[in-house]
Amino acid sequence: MSGDVDLSSAPLLEEHALGLLSDNPSGLIVDLTDVNFLASMGMALLVELSKRAAGSVEFAVVAHGNATARPLELLGLGEVLAIHPRLDDALSALSGDPAPPPE
């Protein structure tokens, strides 16, 4: 994703993610690194995707900074979602590998 995740773009993300989930992947990572604004609709979608993936597909979110990680943190969604600051961290977590040392 890039740009804004809001009322107009969240349905596109949902459609794409549900299409990926229908292929029964071993894991799904939503990378918000290039997202400038994460609206409540986008956060609700992340929770919904996490619920849909539960039990069959590992799910993680990459979020770092004020535009993405901060709103998720303020709402306590770190308790519900596996949130990682970098894509490498999310990939390691989903593969079961130990996290790489911070740079």
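Does Ser-9 count as buried or exposed, and at what relative accessibility? I looked this up before anything else, bearing in mind that the model is predicted.

**Entry: Ser-9**

I found Ser-9 in the loop between strand 1 and helix 1. Its relative accessibility is 13%, so I put Ser-9 down as buried; the cut-off for buried is under 20%. I then checked the polar atoms of its side chain. One lies 2.7 Å from the backbone oxygen of Asp-4. The backbone nitrogen of Asp-6 lies 3.0 Å from a polar atom of the Ser-9 side chain.

**Entry: helix 1**

I moved on to helix 1, residues 10–22. Its 13 residues should span 18 Å at 1.5 Å a residue, and I find the end C-alpha atoms 18 Å apart, which agrees. I listed Ala-10, Leu-13, Ala-17 and Leu-21 as buried in this helix. Looking down the axis of helix 1, I see the buried residues fall within an arc of 65 degrees, so they line one face. An α-helix has 3.6 residues a turn, so residues three or four places apart point the same way. On the other side of helix 1 I noted Leu-12, Glu-15, His-16 and Ser-22 as exposed. I also asked what covers the buried residues of helix 1. The cover includes strand 1 (2–5), strand 2 (27–31) and helix 2 (40–53).

**Entry: Asn-24**

Asn-24 follows helix 1 and sits in the loop between helix 1 and strand 2. I noted its phi, near 55 degrees, as a positive value in a residue other than glycine. The relative accessible area of Asn-24 is 65%, so I recorded this residue as exposed.

**Entry: strand 2 and the sheet**

I counted 3 strands in an open sheet, in the order 2-4-5, with parallel pairing. Strand 2 and strand 5 (83–84) are the edge strands, each pairing on one side only. Strands of a sheet pair through backbone hydrogen bonds, either parallel or antiparallel. For strand 2 and strand 4 (residues 58–62), I found parallel pairing over 5 bridges. Ile-29 has Ala-60 of strand 4 as its bridge partner, and Val-30 stands opposite Val-61 in strand 4.

**Entry: Leu-28**

I took a further look at Leu-28, which lies in strand 2. Its relative accessible area is 8%, so Leu-28 is buried. Leaving out residues up to four places away in sequence, I found that Leu-28 touches Ala-17, Leu-20, Leu-21, Val-57, Glu-58, Phe-59, Ala-60 and Leu-94. I also checked Leu-28 against Ser-50, 22 residues apart along the chain; their C-alpha atoms are separated by 9.2 Å.

**Entry: helix 2**

I applied the span check to helix 2. Its 14 residues should span 20 Å at 1.5 Å a residue, and the end C-alpha atoms are 20 Å apart, which agrees. The buried residues in helix 2 are Gly-42, Met-43, Leu-45, Leu-46, Val-47, Leu-49, Ser-50 and Ala-53. I see them pack against strand 1, helix 1, strand 2, strand 3, strand 4 and helix 3. Gly-55 follows helix 2, and I noted its positive phi, near 90 degrees.

**Entry: the nonpolar core**

Which members of the largest nonpolar core touch the most other members? Of its 24 residues, I found these to be Leu-32, Leu-46, Phe-59, Val-61 and Leu-72. I listed the elements giving two or more residues to this core as helix 1, strand 2, strand 3 (34–38), helix 2, strand 4 and helix 3 (69–74). Helix 2 gives the largest share, 6 residues.

I then picked Leu-46, one of the buried residues of helix 2. Not counting residues up to four places away in sequence, Leu-46 touches Val-30, Leu-32, Leu-38, Phe-59, Val-61, Leu-72 and Leu-81.

Note on methods. Residues are numbered from 1 along each chain as its sequence is written. This is a predicted model: local features need pLDDT of at least 70, side-chain atom pairs count only at pLDDT 80 or more; totals for chains, interfaces and linings use all residues. Side-chain values use heavy atoms; hydrogens and water are left out. Helices (H or I, at least four residues) and strands (E, at least two) are DSSP runs, numbered from the N terminus. The expected span of a helix is 1.5 Å times one less than its number of residues. Buried means under 20% relative accessible area, exposed over 50%, partly exposed in between (1.4 Å probe, protein chains only). The arc is that of the directions from the helix axis to the C-beta atoms. Contact means heavy atoms within 4.5 Å. Two strands pair if DSSP finds at least two bridges between them. A nonpolar core is a set of buried Ala, Val, Leu, Ile, Met, Phe, Trp, Tyr and Cys residues joined through side-chain atoms within 4.5 Å. A polar contact is a pair of N or O atoms within 3.5 Å; within protein, one must be able to donate a hydrogen and the other to accept it, and residues adjacent in sequence count only if both atoms are side-chain atoms.
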